Amino acid sequence: MFNFKSRLFCFSALAAVLLLVCSFSTGLKAQNISTAQLNGTVHDQTGAVIPNAAVSITDESKGFSRSTTTDAQGNYRLLLLPPGTYTVQATATGFNTYISKNVILTTGEQAELPLSLSVGSTQIVTVSSGADIIETQRSSQSTTVDQLRIDNLPTNGRNYINFTLTNSQIARDAAPSVGAIPTSGLNFGGVRARSNSINVDGADAGDYISGGTRTTVSQDAVQEFQIITNGFAAEYGRASGGVVNIVTKSGTNATHASAFGFLRNRYIQATNPFSTVDQPAYTRVQAGFTVGGAIVPDKTFYFFSTEITRRQETGFSDIGSNNFGLTSIDVSRFYGVPGVRFRSRGRRSSRRSCRPLQRPLRGFSSTLL
């Protein structure tokens, strides 16, 4: 009897834990920062709402689709939508089918798209110019750097995070962004670079012990990223500066591949005008490729990206010749300190206005410039 009750208690506890984990996972999904959501109202041409209308959204390049029905007030909501270009369709009894194409959703967007149906049952009304969507449910200030700007804007070292500098509220941080624990290199509203939050596909890419930023992904693997300067919601915790949400590319039903290579060499670039070394060592090579496609069409996709960087450079050069024209002066007889010399321009100085030290320094030998 005791064993049966113990087993029953264990099974009950395990079921409760699984239920709690599933509920927690569902809550996390609803707050996924790397997806978008689409809201709106379905109404007729007179402005009256249409309840129980079927609304669906489809990404034809991946075979992804979501559907829902409107409530009694004609409202609909589509959640957890990956960023991309969609086709929205609305149908209701006694009304013509409404199709809106080229609806673009970006990372973290809470878009609102009203749908207007006309009376009829045989026609299909298609809008293909791209619907104008608005956001009325979010108070945060954000900017999205899309694929067009990532592909065309110039950047040094292929560090695409620097594209955030197109926002006037962000400045480059003076601290070095390289080393064992690099920072994001960005100041959001004057806050230091170690107070930002960097996310890749919804996962933290920051070291919150030191405030540093871990290595992200190659520039060619980035689909877009969102910049939130202030007023962000509660799911963006542990950041007093700003938030950067990065979304990587994924495969589609069509196979695509790309390759790139960048070369900087001392023989094909200008020499630093302050350097006295003719063509100092400097070589930087960055190369890589990407490939993506479908393993199972409309279900399973793959995307592979790799990048390599090779650097050979020096930051040292001789910028002074003939000791800058300075003349050595032995001042040990003034202070009783052997080997201490000052250098100045012109002839040797013979002033003896300084009194000798009562206790001469011992073991001190250097040259002061």
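Start by selecting R158, D220 and E307: salt bridges link these three residues in a network. Keep in mind as you look around that this is a predicted model.

Now take the network one link at a time. Show the side chains of R158 and D220, which meet in a salt bridge at 3.0 Å, N to O. Zoom out and trace the chain between them: R158 is in the loop between α2 (147–152) and β11 (170–172), while D220 is in the loop between β16 (212–213) and β17, so the pair links distant parts of the chain, 62 residues apart.

Buried or exposed, where does R158 stand? With a relative accessible area of 11%, R158 is buried, because the cut-off for buried is under 20%. D220 is buried too, at 19%, whereas E307 is partly exposed at 29%.

How many salt bridges does the structure hold? There are 3. To see another one, select D146 and R149, where the closest N and O atoms are 3.9 Å apart. D146 counts as partly exposed at 31% relative accessibility, and so does R149 at 27%.

Next stop: the inside. Select L38, L105 and L115, which touch the most other members of the largest nonpolar core, a group of 22 residues. Strands that each supply at least two residues of this core include β1 (36–44), β5 (84–91) and β6 (97–105). Stay on L115 and look at what it touches: among its contacts are V42, V55, Y76 and V88. Then jump to a second, separate core of 16 residues, with I161, L186, A205 and I246 among them.

Switch to a cartoon view for the strands. Look for an open sheet of 5 strands in the order β10-β17-β18-β13-β14, with mixed pairing. At its edges are β10 (141–145) and β14 (203–204), each pairing on one side only. Zoom in on β17 (residues 222–230) and β18 (residues 243–248): they run antiparallel and are joined by 6 bridges. Here Q226 stands opposite N245 in β18.

Find Y267 in the loop between β19 (256–265) and β20 (282–296); at 55% relative accessibility, Y267 counts as exposed.

Definitions and conventions. Residues numbered from 1 in each chain as written. Predicted model: local features only at pLDDT ≥ 70, side-chain atom pairs only at ≥ 80, totals over all residues. Heavy atoms only, no water. Core = buried A, V, L, I, M, F, W, Y, C linked by side-chain atoms within 4.5 Å. Buried < 20%, exposed > 50% of the residue type's maximum accessible area, 1.4 Å probe, protein only. Helix = DSSP H or I, 4+ residues; strand = E, 2+ residues; numbered from the N terminus. Contact = heavy atoms within 4.5 Å. Pairing = 2+ DSSP bridges. Salt bridge = Lys/Arg side-chain N within 4 Å of Asp/Glu carboxyl O. Lists of a residue's contacts leave out its neighbours within four places in sequence.
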